[in-house]
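I opened this structure for the first time today. These are my notes, in the order in which I looked things up.

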Amino acid sequence: MTFLAILIVAAIAAWPFIAESRRVKIGRAERQGAPGDFAKLSQGVTYYRWFGPARGPVIVAIHGLTTPSVVFEDLAAGLGGLGYRVLAYDLYGRGLSDAPKGRQSQAFFHQQLDDLLAHQELNEDLTLIGYSMGGSIAATFAATQPERIKRLILLASAGVVTHESAFLRFCRNTPLLGDWLFLALSSRRMTAEIEAVAAKTPSPAIQGALRVELTRQGYLPAVLASRRGMLAESTEQAHRILGKEAIPVIAIWGKQDEVIPITALGQLTQWNRNTLQEVIDDADHALAYSHAATVAERLKGVLRERD
């Protein structure tokens, strides 16, 4: 192999990692003017925002794999109208939170949530609402600290049944080469996906937040780290514990969801027969924001009945 050929191979090998290093690193300027606040926690800075009245029962909202907390904006407003205080925050590597390196496992996300709850002095009587991967985080966290949890609300929750492409499976299971392929090829794939989901919401804030994610340094590595960590772990044991602890669980699914198929409903029933489940016929995986009003309406009767 000639020296020129070696340089070409080295350039190809380094290209996606160089491109990642040139993406925007979140700093003070980008965070300035954000409608929420920032907490310096044990693993990094976390962006959070309160919705709803100053007093009322607390709901903590945990978003999904690729979407920042702004996707809860409309749903939080609806729940706020019912008298609930909603705390939404950006998971590490998403939105305006820091993007620490390393495996994003259950323990990693549990630590962020535990730190934030301590920072906000929220100790008990909590309702957790988890969307997609956030459902996995919420369920496993609730199972480890059931004494603090009043109820669990799951929206198209991961950790039960998930469709994964051959490309994503290879990237998840193959160190180094998987990292290269994910950084090199997933940006274009995810751009198309983000544009598609952004079109499902009239909210300019949500559309803008989804589109800007791919420009930020640490976002793609965080997504892959979550696929290798949090999303590689089943929530079966957690749901069986929640059933034994008699913690109310409400699960809402989109019938047209191609990411979390409707078969997840039956699987979750086997793990915890006490789960109250709802299906929105014309919703897909974007239901947390594309059908925010419908979700709030479905929750309205259940929440008032149990509060």
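I started with Gly 95, which I found in the loop between E4 and H4. The labels come from DSSP runs, numbered from the N terminus: helices are H or I runs of at least four residues, and strands are E runs of at least two. This is a predicted model, where local features need pLDDT of at least 70, side-chain atom pairs count only at pLDDT 80 or more, and totals for chains, interfaces and linings use all residues. Residues are numbered from 1 along each chain as its sequence is written, and side-chain values use heavy atoms, with hydrogens and water left out.

Is Gly 95 buried or exposed? Gly 95 has a relative accessible area of 6%, so I noted it as buried. My cut-offs are under 20% for buried, over 50% for exposed and in between for partly exposed, using a 1.4 Å probe and protein chains only. I then listed its contacts (heavy atoms within 4.5 Å). Leaving aside neighbours within four places in sequence, Gly 95 touches Ile 26, Pro 68, Asp 90, Glu 213 and Arg 216. I also checked Val 161, 66 residues away along the chain: its C-alpha atom is 26 Å from that of Gly 95.

Next I looked at the rings. I counted 4 aromatic pairs in the structure. Rings of Phe, Tyr and Trp (its six-membered ring) pair if their centres lie within 6.5 Å; planes under 30 degrees apart are stacked, over 60 edge-to-face, and the rest tilted. Tyr 92 and Phe 108 have ring centres 5.5 Å apart and planes at 55°, so I logged a tilted pair. Tyr 92 sits in the loop between strand E4 (85-89) and helix H4 (106-119), and Phe 108 in helix H4, so the pair ties together parts 16 residues apart in sequence. Phe 108 also pairs with Phe 109, edge-to-face, at 5.2 Å centre to centre and 75° between the planes. Tyr 92, Phe 108 and Phe 109 form one aromatic cluster. Tyr 92 and Phe 108 are both buried. Phe 109 has 0% relative accessibility, so it counts as buried too.

Then came the helix faces. In H3 (residues 73-81) I found Glu 73, Leu 75, Ala 76, Leu 79 and Gly 80 buried. They cover an arc of only 160° around the axis, which puts them on the same side of H3. I take the arc from the directions running from the helix axis to the C-beta atoms. In H6 (residues 166-173), Phe 167, Leu 168 and Cys 171 are buried. Their arc is within 95°, so they line one face of H6. They pack against helix H7 (177-198) and helix H9 (219-228).

I also checked H10 (residues 236-244) against H11 (residues 263-271). Their axes are 8 Å apart, at an angle of about 55°. That makes H10 oblique to H11. Glu 236, His 239 and Arg 240 in H10 meet Leu 268, Gln 270 and Trp 271 in H11.

Last, I looked up positive phi values. Just after H3, Gly 83 has a phi of about 100°. Asp 125, not a glycine, has phi near 60°. Asp 125 lies in the loop between H4 and strand E5 (126-131), and is partly exposed at 47% relative accessible area. Ala 246 also has phi near 60°. Ala 246 lies in the loop between H10 and strand E7 (249-254), and is exposed at 58%.

Key
Axes fitted to C-alpha atoms, helices over the stretch in contact; angles between N-to-C directions. Parallel < 35°, antiparallel > 145°, perpendicular 65-115°, else oblique.
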